[in-house]
Structure formats: structure tokens, C-alpha cells
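User: I would like to learn how to read a structural model feature by feature, starting from the overall fold and moving to single residues. Could you take me through one?

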Amino acid sequence: MNIVFLGPPGAGKGTQAETISNTKGLLHISTGDLLRQAVKDGTSTGVSAKEYMEKGLLVPDDVVLNIIAERISSDDHKHGFVLDGFPRTLVQAKALDETLRNIGERLDVVFYFAVSEDTAIQRLSGRRTCKTCGANYHVQYIPPLKEGICDKCGGQLYQRTDDKPETIAKRLRVYKEQTEGLIDYYKRNKVLKEVKGDWDVDKTYRMITKVLETIPKHHRRHKEESFLGDNSEIYS
Ligand SMILES: [Zn+2]
């Protein structure tokens with residue numbers, strides 16, 4: 001099962017993506033995490049991505065697509081993936097579909113998290129991230145047991161540069177401009193499901209699980225089979 005979680009920053013999709021991927025045994029691909037890791041490792045992708053991220057701008061498509069294609073093609077996702085934070089534009093969505101086709105995959109469902117700007121700002125400005133392991137907390141919704149300290153590893157929590165109020169407003173504006181055509185595209189492809197981002201975490205989780213139960217399972221094709229041409233009938 002291949003899933004995309006779509007929505008503005010602060011819509012709560014990261015939390016759901018993590019939970020769903022754990023309970024369904026899916027590979028959780030967070031482009032934000034992948035990019036931050038690349039920045040931390042100082043790879044060439046990371047160096048070029050860093051400049052954009054610090055300004056609250058989007059990282060160029062080719063950079064992100066390269067990282068994702070690599071991750072999806074790897075052999076550690078037998079049951080599928082949850083893609084979180086990508087695609088953000090129509091061009092990216094089409095490029096993703098093509099990347100998936102090339103490896104004999106497709107998207108089963110796209111969850112769109114609709115959320116008001118106020119909610120998004122409230123969520124993002126309260127977010128704290130662990131310096132050591134990258135775990136996310138929220139001062140109000142998911143507070144750590146001890147303030148400023150990570151429950152999982154004891155690392156120090158900090159506020160990411162792109163979660164500061166001045167950057168948040170810009171991120172939301174950029175997101176809205178970029179995603180308009182994307183929602184329609186997935187609607188036309190009949191894979192879009194809307195989630196109310198203002199719901200509480202449990203209610204949202206139940207709604208997502210319910211939708212996933214209606215989706216027929218499909219088997220992952222072997223890479224060799226993708227050279228046989230159009231095999232769409234293989235999906236059951
Ligand atoms: Zn930690």
C-alpha cells in the first residue's frame with residue numbers, strides 16, 4: 001500500500017504518517033527528515049538544500065526526487081510506503097507517478113490534511129525537535145516528560161529555524177501557491193481523501209484507518225517485471 005500525506009506545514013500529517021507507517025508496517029519517508037539528514041551529513045545534496053531550507057524556501061524538485069527515488073527503490077519496503085512532505089507541486093506529483101511506474105508501483109491513496117492558518121501556526125510554533133535523534137514534540141500537545149529533554153534519548157530539544165513565527169507565515173504562503181493544481185490532479189486520479197486537520201489526533205487516525213480498510217491490497221511487483229511493459233492488470 002503506497003500512501004501520500006499531503007497538507008500544509010502544521011496540519012499534523014507528520015504525526016499520523018509515523019503512526020500509520022508503524023501500525024501498517026510501511027516505510028515512512030519524510031522528505032524533511034531525509035533532507036535534514038543530508039544537510040547534517042554535509043552531502044552535496046545537503047549543501048545545496050541547506051541554503052533553501054534556512055530561508056523557508058522549497059528545495060528544488062530534482063534534488064528531492066533523487067533522494068526519494070533512491071529510498072523507494074530500496075528493498076526494505078515490502079508492504080509499501082507513507083510519503084510525507086512530498087509532492088508539493090503538480091510537476092512533482094507527475095514526476096513521482098512516473099518514478100513509481102518505472103519501478104512497478106503506484107499510489108493507492110492521497111490523504112489531504114486541510115487545516116486553518118491559525119491552527120497551523122499554533123502547532124508549528126510550539127514544536128520542538130530533539131538535537132540528537134530528531135524526535136518531534138509539542139509544548140502543548142505532545143510535551144516531553146521533562147521540559148527541554150527528549151524522552152527517547154535524553155537529548156536536548158530545540159526549535160527548528162523553520163518553525164519560528166516569521167518563517168512559518170512564509171512557509172504557509174509558499175505552500176498555498178505551490179499546491180493549488182496538485183489537489184485537482186489527485187482528485188481527477190480518484191485517489192484523494194480529505195482529512196480535517198483540526199480534528200484531534202485519535203479521530204484523525206481512526207478516519208485514516210477506516211479509509212485504508214477499503215483499499216484492496218496489491219502485491220509489489222519484482223523489479224524485473226517492470227520491463228515487460230504495461231502490467232497494470234497485475235494489481236489485484
Ligand atoms: Zn532524542
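Analyst: What follows is a reading of this predicted model, taken from the whole chain down to its local details.

User: How many helices and strands does the protein have, and what share of its residues is buried?

Analyst: The protein has eight helices and eight strands, and buried residues make up 44% of its 236 residues. Sequence separation is a further thing to look at: of the contacts in the protein with a separation of 6 or more, 70% are between residues 24 or more positions apart.

User: Let me turn to a single helix. Which residues of α1 are buried, and what do they pack against?

Analyst: Helix α1 covers residues 13-24 and reaches 16 Å from its first C-alpha to its last, close to the 16 Å expected at 1.5 Å a residue. Its buried residues are Lys13, Gln16, Ala17, Ile20 and Ser21; because they cover an arc of only 125° around the axis, they lie on the same side of α1. That buried side packs against the strands β1 (3-6), β2 (27-30), β3 (81-84) and β4 (109-114), and against helix α8 (201-213). Just after α1, glycine 25 takes a positive phi of about 65°.

User: And in α8, which residues are buried and which are exposed?

Analyst: The same steps apply. The 13 residues of α8 should span 18 Å at 1.5 Å a residue, and its end C-alpha atoms are 19 Å apart, which agrees. In α8, Thr204, Ile208, Thr209, Val211 and Leu212 are buried, and they fall within an arc of 160° seen down the axis, so they line one face of the helix. Asp202, Arg206, Lys210 and Glu213, on the other side of α8, are exposed. The cover over the buried residues includes β1, α1, β4 and β8 (192-196). At the N-terminal end, aspartate 200 caps α8, with a side-chain oxygen 3.0 Å from the backbone nitrogen of aspartate 202.

User: Which residues coordinate the zinc ion, and what is the geometry of its site?

Analyst: For a metal site, one lists the donor atoms and then compares their angles with an ideal, which for four tetrahedral donors is 109.5 degrees. Here the zinc ion is coordinated by the SG atoms of Cys130, Cys133, Cys150 and Cys153, at 2.3 Å, and the angles among the four donor atoms run from 101 to 115°, a tetrahedral site. Along the chain, the donors follow the spacing C-x2-C-x16-C-x2-C. Distant parts of the chain are linked by the pair of cysteine 130, in strand β5 (residues 127-130), and cysteine 150, in the loop between β6 (136-138) and β7 (157-158), 20 residues apart. Cysteine 130 is buried at a relative accessible area of 2%, and cysteine 150 is buried too, at 3%.

User: What does the side chain of aspartate 108 reach?

Analyst: Aspartate 108 lies in the loop between α5 (90-102) and β4, and it counts as buried because its relative accessibility of 12% is under the 20% cut-off. Its side chain reaches the backbone nitrogen of asparagine 2 at 2.7 Å, and a polar contact of 3.4 Å joins it to the side chain of arginine 106. Asparagine 2, in the segment before β1, is buried with a relative accessible area of 1%, and its own side chain reaches the backbone oxygen of arginine 106 at 2.9 Å.

User: Where is the cis peptide bond?

Analyst: Omega is the angle to read here: the peptide bond from phenylalanine 86 to proline 87 is cis, with omega near 0°, and proline 87 lies in the loop between β3 and α5.

Conventions. Residues numbered from 1 in each chain as written. Predicted model: local features only at pLDDT ≥ 70, side-chain atom pairs only at ≥ 80, totals over all residues. Heavy atoms only, no water. Helix = DSSP H or I, 4+ residues; strand = E, 2+ residues; numbered from the N terminus. Expected span 1.5 Å × (residues − 1). Buried < 20%, exposed > 50% of the residue type's maximum accessible area, 1.4 Å probe, protein only. Arc of directions from axis to C-beta. Contact = heavy atoms within 4.5 Å. Donors = N, O, S within 2.8 Å, 3.2 Å for Na, K, Ca; no water. Tetrahedral: all angles 85-135°; square planar, octahedral: opposite > 155°, others 65-115°. Polar contact = N/O pair within 3.5 Å; in protein donor to acceptor, adjacent residues only side chain to side chain.
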